[in-house]
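Here is a short briefing to read alongside the model. Have the viewer open and follow along, topic by topic.

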Amino acid sequence: MPESMQTSFTDTAAATADARQIILDAVKQFGVDGLGISFNGGKDCTVMLHLLKLVLDSYPNTLNNLPRIPCLFVTVSDQFPEVDEFVDRMAQSYNLDVFRTSLSMKDGLEAYLKAYPKVKAVLVGTRRTDPYSSNLKPFDPTDNGWPDCVRVHPILDWSYTQIWDFLRSYSVDYCCLYDRGYTSLGGIHNTLPNPALRKNNGEFDPAYKLLNGDLERNGRIKRNPSTPLCVNSTSAQSLDQTHEKSR
């Protein structure tokens, strides 16, 4: 059964509560200053960013005073300008201190952690349906040989439909490419609008109208994957699938 038929707004409310608890646990364990975020402008990390804001807005030490959040943004060589513009806009709205780098994920993470030595854990918008992510846990250290930090995965078990339920029910801003039929964003040369959303007139429905979340990556052109944000124990390809993940 397609994942979209297995979810509801009630499911999303429960998933939201669970995700907020994971973020709150991370804040308590690492402190506000010890927590960073990986943000690439995709829908999944946009959900995660808003969840972080919800937690910090009600946290005693940050109540109504959103702190400056160290943000890792690893770019691709053929970045959509709309993604760059969206990241800049969200940096203003969510008080992000964006560390933008075109280095590999491993080198970029190392440079980010050197620039923000207080950061001990990084929020990552991976979902379990993303490549190399089936064995991840909500709190996962990076593997040997990678820069030392803890990956925090608040939305690991969210479905595609729950992502859009959340964004729309909370009226969260998201990248305009999703309204043009893109459902998973990579670079310009390996990403197309999802053919499952094509209308009879040749235009495309917005991403939230995709009925079967299993088709989320159908607009991605297959190629050799580049190294993403951190590694897990099952693959040398992943911290978080920042480039090749569904986002």
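Why does Thr16 count as buried? Its relative accessibility is 5%, and buried means under 20% relative accessible area, with exposed over 50% and partly exposed in between (1.4 Å probe, protein chains only). Please keep in mind that this is a predicted model, in which local features need pLDDT of at least 70, side-chain atom pairs count only at pLDDT 80 or more, and totals for chains, interfaces and linings use all residues. Residues are numbered from 1 along each chain as its sequence is written, and side-chain values use heavy atoms, with hydrogens and water left out.

**The sheet**
- Six strands make up an open sheet with mixed pairing, in the order 3-2-1-4-6-5; strands (E, at least two residues) and helices (H or I, at least four) are DSSP runs numbered from the N terminus, and two strands pair if DSSP finds at least two bridges between them.
- Strand 3 (96-101) and strand 5 are the edges: each has a single partner strand, so one side of each lacks a neighbour in the sheet.
- On average, neighbouring strands of this sheet are turned by 30° against each other, direction ignored; axes are lines fitted to C-alpha atoms, for helices over the stretch in contact, and angles run from 0 to 180 degrees between N-to-C directions.

**Strand 1 and its partners**
- Strand 1 (residues 35-38) is covered on both faces, with Leu35 and Ile37 buried on one side and Gly36 and Ser38 buried on the other.
- Strand 1 runs parallel to strand 4 (residues 121-123), joined by three bridges, and Ile37 stands opposite Leu123 there.
- Strand 1 also pairs with strand 2 (residues 69-74) in the parallel sense, over two bridges; in strand 2, Cys71 is opposite Ile37.

- Helix 3 (residues 81-93) lies across strand 2 and strand 3, and runs at about 150° to strand 3.

**Helix 2 with helix 5**
- The axes of helix 2 (residues 43-58) and helix 5 (residues 160-169) come within 10 Å and cross at roughly 50°.
- That makes helix 2 oblique to helix 5, since angles under 35 degrees count as roughly parallel, over 145 as roughly antiparallel, 65 to 115 as roughly perpendicular and the rest as oblique.

- Thr16 lies in helix 1 (residues 9-30), and beyond its neighbours within four places in sequence, Thr16 is in contact with Leu51, Trp158, Phe166 and Tyr170.
- Asp140, found in strand 5 (residues 139-141), counts as buried at 5% relative accessibility.
- Not counting residues up to four places away in sequence, Asp140 touches Cys149, Val150, Arg151 and His153.
- Asp140 and Ala121 are 19 residues apart in sequence, and their C-alpha atoms are 9.4 Å apart in space.

Definitions and conventions
Contact = heavy atoms within 4.5 Å.
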